[in-house]
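Me: I have a structure open and want to learn how to read it. Can we take it feature by feature?

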Amino acid sequence: MLTLVAFVVALGLLIAVHEYGHYRVAVACGVKVLRFSVGFGKPLLTWHKKGSPTEFVLCALPLGGYVRMLDEREAPVDAAERHLAFNTQPLRSRAAIVAAGPAANLLLAVLLYAVVNWSGVEEPKPVLASPTVGSLAAGAGLRGGEWVSQAGADEDSLTDVGSFEDLRWRLTQAALSSEDMTLRVSNQEGGVSRSVLLPLAQLDVREADATLFQKIGITGPWTQPVMGEVMAGGAAAAAGLQAGDTVRSVDGAAVSDGQRLRALIRASTGAAGEAREQQWVVERKGQTVHLTVKPIPELQGDVWVGRIGAYVGAAPEMMTVRHGPVDGLLKGVVRTWEVSWLTLKMMGRMLIGEASIKNLSGPLTIADYAGKSASLGITSYILFLALISVSLGVLNLLPLPVLDGGHLMYYLWEGVTGRSVSDVWMERLQRGGVVVLMALMSVALFNDVARLAG
């Protein structure tokens, strides 16, 4: 139920903001708006604002919306109202009305990111967990426990890292742009630092998924190798492990943090699914305890991994990230620009085959993430809304005839040639745009089903 409510609220808000952008600028340009609709299908609620000719409608299916304006191309217009029709407006006004929808979504994203920056958010400190074996981070000499103070493309462009999530976002941008990254790290906050180069340009990045950070080797923040809740009937309970136990070694290998411990547990199962016993040394209330643990094999995809039926690793050390009014707003603008540009670059790479079309997501994935983000709290949900708002704004600016960007493409032609696109070509382009959009939606829906089924 939470997933459905979060999904409907998200769609309703983002669509309403998008259409309000069209509506507000249309009214400002002197165009008569006949109907403002959020959703399609059967009207659930209809009302009129006093002194306004616009009918406001809330419909049953919140999968879109529209603003219907007075227009001679759609119905006869009385001569006395011809100056109020959309099609009689100057080119700059028509372009502004069409562009206002995507612009409203991008402005909403700026505001949502700013709200999170102003209110503050708890994020893990930028301390690295043990890197994945064979990863770029491991090859660069990182061992886990390093504090990352700065990051940049090179030594001359290093800037402060605010939190682990800040570092993760920078790594995502650099990896998807095939750019190397330099990290300034130390063994503790404020300690003697050194530079580490991550050759991210070497990565063959086709999908922006969890395997990306496995290849980089930075999968999470540092945590203490402490046992959390132990589930009854699991391998941990059978071995006598208790919540609060600090694991010092497994089969003689020192355990530096929770990430290293999880990796050792996962690796306890062979390729054929056979489990083997592990000799653990744990510290319990100041005493050293030796235990034999036999993880239970579990098939993940086509790989067998070990499980012990317990929470492994303490919670990471957190910090409050908060910004002032001006700085928070500016960072909201920057984040909106970064997400927009990264989205466009990924679309471009998919178009030329350098990125997988599996990166496309549809309504099922959006609904799933809506529910998950809402369950994590209001801050996570606001960040989800900001991300989807950026995506909606960017998508609608694409030069597809059925989208706002397609109409702006028509106006660009009109501005350059001095004449509008003919009705014949308009119809052909609209049909072609519908085919392309339906194909994209079909791929996105297929990806959704594949993700959820997996």
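Reply: Start with strand pairing. Two strands pair if DSSP finds at least two bridges between them. This is a predicted model. In it, Glu298 has Val305 in strand 14 as its bridge partner.

Me: How many bridges join strand 13 and strand 14, and in which sense do they pair?
Reply: Strand 13 covers residues 296-300 and strand 14 covers residues 303-307. They pair in the antiparallel sense over five bridges.

Me: What do strand 13 and strand 14 form, and how many residues lie between them?
Reply: They form a hairpin, with two residues between the strands. Look at Gly301 in the turn: its phi is positive, about 70°.

Me: Where are Ser178 and Lys285?
Reply: Ser178 sits in the loop between helix 4 and strand 6. Lys285 is in the loop between strand 11 (278-284) and strand 12 (287-293).

Me: Is Lys285 buried or exposed?
Reply: Use the cut-off: exposed means over 50% relative accessible area. Lys285 has 81%, so it is exposed. Ser178 has 35%, so it is partly exposed.

Me: How many bridges link strand 6 and strand 7?
Reply: Six bridges, in the antiparallel sense; strand 6 is residues 181-186.

Me: How do I read a pair of helices, say helix 4 and helix 8?
Reply: Check the axes, then the angle, then the contacts. Helix 4 is residues 164-176 and helix 8 is residues 325-351. Their axes come within 11 Å and cross at roughly 30°. Angles under 35 degrees count as roughly parallel, so helix 4 is roughly parallel to helix 8. The crossing is left-handed.

Me: Which residues of helix 4 and helix 8 meet?
Reply: From helix 4, Trp169, Thr172, Gln173 and Leu176. From helix 8, Arg335, Glu338, Val339, Leu342, Met346 and Arg349. By class, that contact has five nonpolar, two polar and three charged residues.

Me: And how do the axes of helix 1 and helix 2 cross?
Reply: Helix 1 (residues 2-28) and helix 2 (residues 91-119) have axes that come within 7 Å and cross at roughly 140°. That angle makes helix 1 oblique to helix 2. The crossing is right-handed.

Me: What meets what between helix 1 and helix 2?
Reply: The helix 1 side includes Leu14, Val17, His18 and Gly21. The helix 2 side includes Ala96, Ile97, Val98 and Leu108. By class, the contact has 11 nonpolar, five polar and no charged residues.

Methods: Residues are numbered from 1 along each chain as its sequence is written. This is a predicted model: local features need pLDDT of at least 70, side-chain atom pairs count only at pLDDT 80 or more; totals for chains, interfaces and linings use all residues. Side-chain values use heavy atoms; hydrogens and water are left out. Axes are lines fitted to C-alpha atoms, for helices over the stretch in contact, and angles run from 0 to 180 degrees between N-to-C directions. Helices (H or I, at least four residues) and strands (E, at least two) are DSSP runs, numbered from the N terminus. Angles under 35 degrees count as roughly parallel, over 145 as roughly antiparallel, 65 to 115 as roughly perpendicular and the rest as oblique. A crossing is left-handed if the near helix is turned anticlockwise from the far one by less than a right angle, and right-handed if clockwise. Contact means heavy atoms within 4.5 Å. Ala, Val, Leu, Ile, Met, Phe, Trp, Tyr, Cys and Pro count as nonpolar, Asp, Glu, Lys and Arg as charged, and the others, Gly among them, as polar. Buried means under 20% relative accessible area, exposed over 50%, partly exposed in between (1.4 Å probe, protein chains only).
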